[in-house]
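Please have the sequence and the structure at hand while reading.

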Amino acid sequence: MGWVLIATVLTFTPWHGVVRNPGQGWSAAGGASRFAELDAVVNVGAGYHRYQWNWLEPQEGCYDWSMLDRDIEFFAAKGLPFGFRIMCANYHSPGRECSPQWVFEKGAKNFVFAGLPYSLPDGTMTRDHVTPVFDDPLFIDAHRRFIEALAKRYDGDPRLSGVDIGSFGNWGEWHCWELWPKGTGAKQMQKVSAAVRRQYADMYLSNFRKTPLQFLSGDVEMLKYSAGASGFGVGLRRDGVGDPGLKWCGDERYAIFPQMADVWKHRPVWFEWWAVCTDFGRPGTFQEKWTIPEPIDWMLKNHVSLVNTTPFNPVKCKTELPDVYPLLKKIDLFAGARLVAESATLARDGLCLSIKLTGSNNGSSRIHLPYVAEYVFFDGTGRVVKAIPSAFNPCAVLPGRFEHEERILLSENLSQGLSLRLRVRHCSDVLADFRWAVKEVDAQGALLLGDVSSVGFPCHGGRE
């Protein structure tokens, strides 16, 4: 008995609510420990955390990956990716060192600076923190060995959204702000040559060959170097949105890197706020003249995929700024990709099924995680009978409208009463399916393309 698709033209109803998709929306900073409270107030699409070097290599050559493993596994269990950064100096460190003490005991140069107060075992408070001298050869060699070990364990892990090229500077942000010797009265940052800074970048570029990398935009020279000959070798991060003096592509300081404006088409853009939400618009702060929603609109205009929750604190925003909190929904809805199908036209010619799909990407960017599309046939019990790869590339859909046409070959042995769906799945099947933002989807977000029946059987779920 031959095949026929009764419902040849389908139209879809846009879903205007929030759609959770991996790698889109907000990144829950703080790892697994803060996911629940953040997920209750914003659309979390990834996890993120910054790890001090001394947490992961407390003794030379003895690595403790348990903290990082736990965070990666936690988010992967929810179908979400995870990203991270390594820090060697941390103004907010809960202790004296951020880099392991053993590296200084071996002779690596360092000095004390005044950071955030923390409590000593006897209950007294101190602001004494230790920073490495970043151009010290002994320190560089020791840290290079650590990054090699880090990459050996995690490079290519499909659960990762990416790794920051970090390590250098305060918070691994490629600047040495606040890292000046305590008690000298001098506010002079470490001045480290480009040749030395390239060594830190190369630690990541040489060892992370599979997992995507991101670079902080503040060090323009190293950003251009890390981006490589194509200009698109790394994604972009900017930690400081909300600062009225924010510099970004188009500013004269980025003239040496003209490809920067198009990086978002090839690699993700990840933004982070300058300060806690209650500082925005408050007299006497950097944010006095840049109040919400300006930073939100700026991030979306600049094709953000993920917005980090720290230090903004959406939980605090909901409780203390009830007039501002609803504005965060723009990020929930539009950061990253948002695929909306409009219509599907299906026609059969023998065993060939022709499909034309129209729709739009209503988000600010494209899908940057590795996703593919496939046509899946289900029987009445929900069992997958057959899956056929689609030529539709969901990762190639930039913001705006799209059209796609193709023909797929059906098998003669497919039985009657099957439903056809267009699924967008993670290449390694370790992250959740990418959900279409329409009402006509199944529980996993696959697009419903109607019932395929043998001649004479009614069709459900479609329109002529």
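## Helices α5 and α6

In the contact between these two helices, Phe139, Ile140, His143, Arg144 and Ile147 of α5 meet Val196, Gln199, Tyr200, Met203 and Tyr204 of α6. Sorted by class, the residues through which α5 touches α6 comprise 7 nonpolar, 2 polar and 1 charged. The model in which this contact is seen is a predicted one.

Helix α5 spans residues 137–154 and helix α6 spans residues 194–205, and the two pack with their axes 9 Å apart at an angle of about 15 degrees. Because angles under 35 degrees count as roughly parallel, this arrangement makes α5 roughly parallel to α6. The crossing in which α5 passes α6 is right-handed.

## Helices α3 and α5

Helix α5 also takes part in a contact with α3, where the two axes come within 13 Å and cross at roughly 30 degrees. On the α3 side the contact is made by Leu68, Asp69 and Ile72, and on the α5 side by Leu150, Arg153 and Tyr154. The handedness of the crossing of α3 and α5 is right-handed.

Where does Asp69 lie? Its place is in helix α3, which covers residues 66–77. Asp69 counts as buried because its relative accessibility is 15%, and the cut-off for that class is under 20%.

When neighbours within four places in sequence are left aside, Asp69 is in contact with Arg153 and Tyr154. With Arg153 there is also a polar contact, in which the side chain of Asp69 and the side chain of Arg153 are 2.6 Å apart.

## Two loop residues

Lys289 is found in the loop that runs between β12 (269–273) and α8 (294–301). Its relative accessibility is 79%, and Lys289 therefore counts as exposed. Although Lys289 and Asp243 are 46 residues apart in sequence, their C-alpha atoms are 9.1 Å apart in space.

Ser428 likewise has its place in a loop, here the one between β19 (418–426) and β20 (447–454). Is Ser428 buried, exposed or partly exposed? At 40% relative accessibility, Ser428 counts as partly exposed. Along the chain Ser428 and Val372 are 56 residues apart, while a distance of 10.0 Å separates their C-alpha atoms.

Terms used
Residues numbered from 1 in each chain as written. Predicted model: local features only at pLDDT ≥ 70, side-chain atom pairs only at ≥ 80, totals over all residues. Heavy atoms only, no water. Helix = DSSP H or I, 4+ residues; strand = E, 2+ residues; numbered from the N terminus. Buried < 20%, exposed > 50% of the residue type's maximum accessible area, 1.4 Å probe, protein only. Polar contact = N/O pair within 3.5 Å; in protein donor to acceptor, adjacent residues only side chain to side chain. Contact = heavy atoms within 4.5 Å. Axes fitted to C-alpha atoms, helices over the stretch in contact; angles between N-to-C directions. Parallel < 35°, antiparallel > 145°, perpendicular 65-115°, else oblique. Left-handed = near helix turned anticlockwise from the far one by under 90°. Nonpolar A, V, L, I, M, F, W, Y, C, P; charged D, E, K, R; others polar.
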